[in-house]
Amino acid sequence: MNKTVTSIYLAQQVRELDRITIEEKGIPGIKLMRSAAQACVDVLLGQAPSPGKVSVLCGSGNNAGDGFIIAGLLANRGIEVTVGLVGKVPSAETDAGKAYGYCREAGVEILTAELSLQDSAFVVDALLGTGLIGPVRPEYQQVISAVNSHDCTVLAVDLPSGLCADTGNMLGACIKADMTVTFIGRKLGLLTNDGPEVVGELNFSDLSVPGSVFDAIEPSVRMLSYEDQIRKLPVRNRNAHKMNHGHVLVVGGDQGMAGAVAMAAEAAMYSGAGLVSVATHPTSVNSLVARRPEVMTKSVTTPDELKALINRATVVVVGPGLGNDRLGNDSLGGDSAWGSELFDVVLESELPMIIDADGLNRLSRLPQQSTRRDNWILTPHPGEARNLLGKNVQVNRLASVKQLQEKYGGVCLLKGAGTLIASRHDVWLCPYGNPGMSVSGMGDVLSGIIGGLVAQGLDMNDAACLGVIVHSLAADNITARQGERGLLATQLLPEIRKLLNGMPG
């Protein structure tokens, strides 16, 4: 594995890394606990060199041990600090018990959580750790609610209490932190689903664990980066011509839905495809030609007309504005028979294809035996993925994206906070993106980008990964300048062109 790639783990994997470090490498658990506590103190004081009164809330597990040492370290610096204990004092022979002893020796007062929170300007959340799998118990819910309603800055130790380390689901109640310091391995739940909402600024420390420890555990997910992915795009020859850069055919744009297919086609052009064609409903032709004359727009009414266009293409993007299927979905308007005929013709092709939007809803209606192939990319949001799998995919996004890939083959995305991309052997996570992207047209732009990258010769996995990266990073670059509200999908296009030309800023 490329050592520059950031690894992401499930909770049990991190616990195994911890065990290997202690039992096989001979590094005492209390030493790891001290390192974790010091990492938290460094972040806390870096944020607030004079934090005022600090309340460290401790439960009864190893997270509490980290919290006890944090309190002792702060007290030894002359900072006013109390511990709010929820649960029992840990047994003296355990690492958490030794940490508790250190805390007491430093003169830290141990109070109830309610008393500890009074007048505190800074709260350290060391209540619950990665072992939480069920709903938060009432006594912890009460404390979490008090913290979230308290006017203070919150630092979470390893992960916010109440967040599932694997799924990113909030388990009944969850601390909303301003910053989180996580250790040894990055946990998937911090980076997807509800995680980005409650983690705040994410900091990481490997606690100086030997590199050989990580060789024993294959990460569950790998994090994408722009710097790694942009290298996958081939350098253009100086004597290149348009046919060297592929021909994207976008199929869609039913009555009243020309905008969707226009955005996908423009995104393919801004991504560097040599040629872009659109096969669309007769009523959509004039508006498409007027908007973007560089796109070759063809009115299509019969399967044979579409087959002729497919025969000249490198890759097909199908679905944007394709219209309702016969059983209905959440699209508006359109000619059901027209879209169905075109979709069937595309599926008969052996060309690489990207399926999005109405195409995904049609795909979900097809018999199982006709819906698996290796040379397509599916790009569902959670609602479309629910149709494809017949279940709520947000309960466990990692399991869901793997099931999508196993069922349908090829490369499958699961869009949302912490978009996941699954191929046959790997799962990748995109760390970029923001809530401003929750507007119409974003999916159309993404499918066009990916189609343009496949046309230029990237394999399906690299095209999907690079496409997701530049799509999300483009949105981040724009919202950094103008804010999240009112972001338009078409605003991404010039930014996408810059990113794909190696200009990240």
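Guide: Here is a short chat about the overall chain and one of its helices.

Visitor: Ground rules before we start?
Guide: This is a predicted model, where local features need pLDDT of at least 70, side-chain atom pairs count only at pLDDT 80 or more, and totals for chains, interfaces and linings use all residues. Residues are numbered from 1 along each chain as its sequence is written, and side-chain values use heavy atoms, with hydrogens and water left out.

Visitor: How many helices and strands does the chain have?
Guide: There are 19 helices and 19 strands, taken as DSSP runs (helices H or I, at least four residues; strands E, at least two) and numbered from the N terminus.

Visitor: How much of the chain is buried?
Guide: Buried residues are 58% of the 505, with buried meaning under 20% relative accessible area (1.4 Å probe, protein chains only).

Visitor: Switching topic: which residues of α12 are buried?
Guide: In α12 (residues 303-310), L306, L309 and I310 are buried. They span an arc of only 100° around the axis, so they sit on the same side of α12; the arc is that of the directions from the helix axis to the C-beta atoms.

Visitor: And what covers them?
Guide: The cover includes β11 (247-251), β12 (275-280), β13 (296-299) and α13 (336-348).

Notes
Buried means under 20% relative accessible area, exposed over 50%, partly exposed in between (1.4 Å probe, protein chains only). Contact means heavy atoms within 4.5 Å.
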